[in-house]
Amino acid sequence: MPELPDEHETPRGGSPPAVPGAVAMPHARLHWVHYLRPHLLGLRVLLTTLLVLALLYTLFLTRTLMVPLVLAGFLGLGLNPLVVAAARLRIPRALTAFVVIACLAIGIGAGINALAPQAGNWLKKAPHVVHQLERKLRPVTHQIKEASQATQSLVATTGGSRASASPAPPAPGINVTDLLAITPKVIGFTLTVALLVFFFLMYGDRLLLKLVEVSPRFSMKRDVVRVVRNIQAEISRYIFTATCIHFTLGALTAGILYLWGMPDPLLWGGLAALANYMPYIGAICITGMLAVVGLVQFDHLAHALAPALSFAALSAIEGNVITPMIMGRHMRLSPVAILLWLIVWAWLWGIAGALLAVPMLTSVKLIAEHVRGWAWFAHIVGR
């Protein structure tokens, strides 16, 4: 008697038995799914691109609002450890925040008061500096000047009497009207940042508590507290450490320039500390400025280029040895990502965006490492 096939056995040459309760997808529907999938992916890429462009346009339009807000956020995160340490000693947060902001304002005001006259003198001497630089570089640029004169003579011959010498540009100076017009903006910007920093230091923990309260589940509340605390601690440590490194570089630069006999070493040291927030670009700009001032100030070529070369070497050691050793690999960024990020934010917000670009990129990287689904961004911008 032949054996009957098992009910779970797949018949030879046939399809597997249908699972009870499962609904088979029709072939027409499956065909439409495969047909629409690439079109849906293309539509998703297009919508994402439009969203990014809309976000960039919004950031460009709201730069007057976003720049003080972002700056105050970074200052609040950097100064928050001091307020937390004082709160552990039973010192009121309001008193500590007020004292910290007052000390910061006094320090910045004293620095501006000390360096502003020197910067104004260099602005007034800019035409004289350019003239002296052109005179000292005349042997080097002699052939280029001859070629330029030949080109001008050719243009004058073909253009006839219409060719005329363009008038010399006026010497740059400080206009009193412009100064009076910009003063209210500077005062308003300063007061806005100070008030935002004060309230961030005062009510930062309360904002975190409210964020925890709106979380629906206990596990989510715990994750929110852990992620926010880690991000806050790491960003605070980065801002405080980077600021100490930049100011140390500025102090060392001022000392080296003083030893080389450069005029106004404190001014160039302060500019070096501020420009160091823009990696690569800031060092290149300061090196070029020191080279120009050295060529104007000193007669010997070796002595003229020594200050700029000394700063370039000091900046290279700081950027490639000191900062990576102190920060650790966790906070290192890709040079390509830094340059692209600098270009984007300098285009959006100008000099303020260029100065805030690297702290923002580092903060976004730290946040992406703790947020689920954004680890790819931290991997791309990391070194």
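Modeller: Phe 198, Phe 199 and Tyr 203 are joined into a cluster by ring pairs. Before the details, a word on the model: it is predicted, so local features need pLDDT of at least 70 and side-chain atom pairs count only at pLDDT 80 or more, while totals for chains, interfaces and linings use all residues. Numbering starts from 1 along each chain as its sequence is written, and side-chain values use heavy atoms, with hydrogens and water left out.

Back to the rings. A pair of aromatic rings is described by the distance of the centres and the angle of the planes. Here, rings of Phe, Tyr and Trp (its six-membered ring) pair if their centres lie within 6.5 Å; planes under 30 degrees apart are stacked, over 60 edge-to-face, and the rest tilted. Searching the whole structure that way turns up 7 aromatic pairs. One of them is Phe 198 with Phe 199: the centres are 5.6 Å apart and the planes at 80°, so this pair is edge-to-face. Phe 199 also pairs with Tyr 203, and that pair is stacked, at 6.0 Å centre to centre with 15° between the planes. Phe 199 and Tyr 203 are 4 residues apart in helix H6 (residues 176–213), so about one helical turn separates them. (Helices are DSSP runs of H or I, at least four residues long, strands are E runs of at least two, and both are numbered from the N terminus.)

How open are these rings? Phe 198 has a relative accessible area of 23%, Phe 199 has 42%, and Tyr 203 has 31%.

Stepping back, the protein chain has 13 helices and 0 strands. Of its 383 residues, 28% are buried. Take contact as heavy atoms within 4.5 Å: among contacts between residues at least 6 apart in sequence, 70% join residues at least 24 apart.

Next, the cores. A nonpolar core is a set of buried Ala, Val, Leu, Ile, Met, Phe, Trp, Tyr and Cys residues joined through side-chain atoms within 4.5 Å. The largest has 31 residues, and Leu 342, Trp 345, Trp 349, Met 360 and Leu 361 have the most contacts inside it. At least two residues of this core come from each of helix H2 (63–88), helix H7 (218–259), helix H11 (335–349), helix H12 (351–370) and helix H13 (375–381). H12 gives the most, with 8 residues. Setting aside residues up to four places away in sequence, Trp 345 touches Leu 59, Gly 350, Gly 353, Ala 354, Ala 357 and Met 360. Apart from this core lies another, of 20 residues, including Trp 122, Val 129, Leu 295 and Phe 311.

Two single residues are worth a stop. Thr 96, in helix H3 (residues 93–124), is buried at 11% relative accessibility. A polar atom of its side chain lies 3.0 Å from the backbone oxygen of Pro 92. Beyond neighbours within four places in sequence, Thr 96 is in contact with Leu 82, Val 83, Ala 86 and Ile 91.

Leu 271, in helix H8 (residues 265–275), is partly exposed at 30%. Leaving out residues up to four places away in sequence, Leu 271 touches Ile 286 and Met 289. Gly 250 is 21 residues from Leu 271 in sequence but 7.5 Å away in space, C-alpha to C-alpha. Elsewhere in H8, Pro 265, Leu 267, Trp 268, Gly 269, Ala 272, Ala 273 and Ala 275 are buried. Their cover includes H3, H7, helix H9 (281–297) and helix H10 (301–327).

Key: Buried < 20%, exposed > 50% of the residue type's maximum accessible area, 1.4 Å probe, protein only. Polar contact = N/O pair within 3.5 Å; in protein donor to acceptor, adjacent residues only side chain to side chain.
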